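Have the viewer ready and follow along.

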Amino acid sequence: MSRFGRDLNDTPDLHDEHDTGHRIALLAAAFCVGGIAAMAGLKWARRHRQPAGPADGAPLMRAPLQVVAPVDLKRYAGIWYEQARLPNRFEKACGGTVSAEYTPLPDGTVEVRNRCVRQDGQVDESVGIAHAVRVAGLPGAGRLAVSFAPAWMRWLPIAWGDYWILKLDRDYQVTLVGTPKRDYLWVLSRVQHLDEASLAAELDYARTLGFDIDQVVRSGAQDSPA
């Protein structure tokens, strides 16, 4: 017998061929039945499927934050007093009044001057710059980029942070500011001491946007900035 062929004297076993054909027929039948069952199961699943949702323990998907539009930066300018915030590292030492003053500049940018009274009574001040970020379809959108980095570093994207105006009353007296990842939040007011009802309303609204209001700390607005 050749290595690659069958010897001419070999005759096929008809019984083996019959068994082989029988097995092939059974496999084909099983394949057809399985396919029909799979199709029926798929149709049933489509008719009875539940709405898509997160797996157990997975966080709910949150809609992207929307900003106020339009915002008149000239009216927005001036001093705002912080009433509440989500904890952050750069205000960790602040224990008294926290304020932010915005001054429009001739080139269209805005000077940002943040001040806070530390727990030891000392005053910290940081001066930065902000510029409006264009949003398609929303002229004058309240989306700003802010940087407190030195001027020579401001060409780097990481030198800029988000400043989104999420809520602003018509009189420009109370505003809610946050970041798109919901890790920073501030309630600002033109007055040093915002009444409790107004502050609660701002925080309740922030909760509906997905911010963790249970972590909010109240600002110690006790002293006027010098």
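## Strand β8 and its surroundings

In this predicted model, β7 and β8 pair in the antiparallel sense over 5 bridges. Within that pairing, Thr175 stands opposite Leu188 in β8. The two strands β7 and β8 make a hairpin with 6 residues between them, and Arg182 in the turn has a positive phi of about 65°.

How many of the residues of strand β8 (residues 185-189) are buried? The count is 5 of 5, so the strand is mostly covered, given that buried means under 20% relative accessible area. Leu185, Val187 and Ser189 point one way from β8, while Trp186 and Leu188 point the other way; all are buried.

Asn88 lies in the loop between β1 (78-85) and β2 (94-104), and Tyr172 is found in the loop between β6 (161-168) and β7 (174-178). The table puts their values side by side.

| Residue | Relative accessible area | Side-chain polar atom to a backbone nitrogen |
|---|---|---|
| Asn88 | 9%, buried | Glu91, 2.9 Å |
| Tyr172 | 8%, buried | Asp72, 3.0 Å |

Why does Asn88 count as buried? Its relative accessible area is 9%, and buried means under 20%, so Asn88 qualifies. Setting aside residues up to four places away in sequence, Asn88 touches Tyr184 and Trp186. Trp186 belongs to the group in β8 that points the same way as Leu188.

Tyr172 passes the cut-off as well, because its relative accessible area is 8% and buried means under 20%. Leaving out neighbours within four places in sequence, Tyr172 is in contact with Pro70, Val71, Asp72, Arg75, Tyr76, Trp80 and Arg190. One of these, Tyr76, is 96 residues away from Tyr172 in sequence, yet their C-alpha atoms are 6.5 Å apart in space.

## The chain as a whole

Stepping back, the protein chain has 3 helices and 9 strands, in the order α-α-β-β-β-β-β-β-β-β-α-β from the N terminus. Of its 226 residues, 32% count as buried. The chain exposes about 15,400 Å², with carbon and sulfur atoms supplying 58% of that area. Among contacts with a separation of 6 or more, 51% come from residues 24 or more positions apart.

Technical notes:
Residues numbered from 1 in each chain as written. Predicted model: local features only at pLDDT ≥ 70, side-chain atom pairs only at ≥ 80, totals over all residues. Heavy atoms only, no water. Helix = DSSP H or I, 4+ residues; strand = E, 2+ residues; numbered from the N terminus. Buried < 20%, exposed > 50% of the residue type's maximum accessible area, 1.4 Å probe, protein only. Contact = heavy atoms within 4.5 Å. Areas by Shrake-Rupley, 256 points an atom, 1.4 Å probe, with all protein chains shown as cover. Polar contact = N/O pair within 3.5 Å; in protein donor to acceptor, adjacent residues only side chain to side chain. Pairing = 2+ DSSP bridges.
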